[in-house]
Amino acid sequence: GVHGLHLDFEIYEAIPPQQLQAARGFVVQLAQALKQLKPARTLSVFYPLGTETALYDAPTLAVAQHVVLQGYDAHWLAAPTAGPVAPLRGPEAATWEKTLTQLLALSVQRQRILFSFPLYGYEWPLKPLKPTEPGYGKPGGATSGKGVTVTFAPVASEVLPDVQTNAIHRVQQYGASHEPLSSSSYYQYTRADGQAFEGWFEDWWSVGRKTEFLQMERL
């Protein structure tokens with residue numbers, strides 16, 4: 001009952017040339033072997049962002065039926081600043097627009113491109129700012145420590161015991177804002193002891209903006 005295989009290799013550090021060539025050769029051989037099966041099976045690959053070495057080149061990507069783009073983690077748990085996890089556009093090094101440009105430059109046809117979408121977000125503690133300092137109250141503040149993962153809705157503790165913060169409860173308490181450039185949503189609040197927090201997540205509004213982008217780009 002298996003229709004194909006999906007390869008999810010996520011290697012972000014530099015890859016020695018010999019190993020890189022071997023990995024690409026493996027993907028090509030695997031695609032050929034799957035095609036020869038009766039019935040033939042498909043192959044898709046995951047295209048990670050922010051890597052020191054591009055894992056796939058144009059000839060390797062040409063053998064995959066689909067290329068799944070990493071559409072998330074433009075900001076991460078240990079990021080130096082808070083910000084959108086899956087920005088559509090903006091100054092971040094990894095946005096949906098910039099990633100699409102990379103893949104089109106590798107001759108991947110639009111009908112083979114898929115964007116992966118995060119059903120989670122991150123919340124970070126922020127470094128304190130005085131009301132007179134630049135950036136006070138604005139989104140994208142400098143973080144003072146590692147963030148925590150945020151689900152969109154509440155999840156039972158027996159399912160995700162280490163993730164008990166959710167965007168719905170935060171928004172009910174503190175409200176939400178929508179950032180047009182990144183097409184992402186966020187909230188901000190300050191604890192009784194003065195510690196400020198900022199969380200970014202995806203919701204109905206951000207899904208709508210990104211869906212419009214996919215339709216516009218024929219993806």
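Student: Where is Asp73 found?

Tutor: Asp73 is found in the loop between S3 and H3. Helices (H or I, at least four residues) and strands (E, at least two) are DSSP runs, numbered from the N terminus. This is a predicted model: local features need pLDDT of at least 70, side-chain atom pairs count only at pLDDT 80 or more, and totals for chains, interfaces and linings use all residues. Residues are numbered from 1 along each chain as its sequence is written, and side-chain values use heavy atoms, leaving out hydrogens and water.

Student: What is the phi of Asp73?

Tutor: Most residues other than glycine have a negative phi. Asp73 is not a glycine, yet its phi is positive, about 65°. Asp73 is also partly exposed, at 28% relative accessible area. Buried means under 20%, exposed over 50%, partly exposed in between (1.4 Å probe, protein chains only).

Student: Is the peptide bond from Lys38 to Pro39 cis or trans?

Tutor: Most peptide bonds are trans. The one from Lys38 to Pro39 is cis, with omega near -5°. Pro39 lies in the loop between H1 and S2.

Student: How do I read the core?

Tutor: A nonpolar core is a set of buried Ala, Val, Leu, Ile, Met, Phe, Trp, Tyr and Cys residues joined through side-chain atoms within 4.5 Å. The largest one here has 26 residues; Val45, Tyr47, Tyr56, Leu61 and Leu103 touch the most other members. H1 (17-36), S2 (42-47), S3 (66-69), H3 (96-105) and S4 (113-115) each supply at least two residues. H1 gives the most, with 5. A second, separate core of 11 residues includes Val68, Ala79, Trp124 and Leu126.

Student: Which residues does Leu103 touch?

Tutor: Contact means heavy atoms within 4.5 Å. Leaving aside residues up to four places away in sequence, Leu103 touches Tyr47, Leu61, Val67, Leu69, Val108 and Ile113.

Student: What is the strand order of the open sheet?

Tutor: Two strands pair if DSSP finds at least two bridges between them. The sheet has 6 strands, ordered S7-S6-S5-S10-S9-S8, with mixed pairing. Its edges are S7 (165-166) and S8 (177-179), each pairing on one side only. S6 (residues 148-151) and S7 run parallel, joined by 2 bridges. Val150 stands opposite Thr165 in S7.

Student: What about the whole chain?

Tutor: It holds 5 helices and 10 strands. Buried residues make up 39% of its 219 residues. Its C-alpha atoms fill a box of roughly 65 × 35 × 35 Å along the principal axes.
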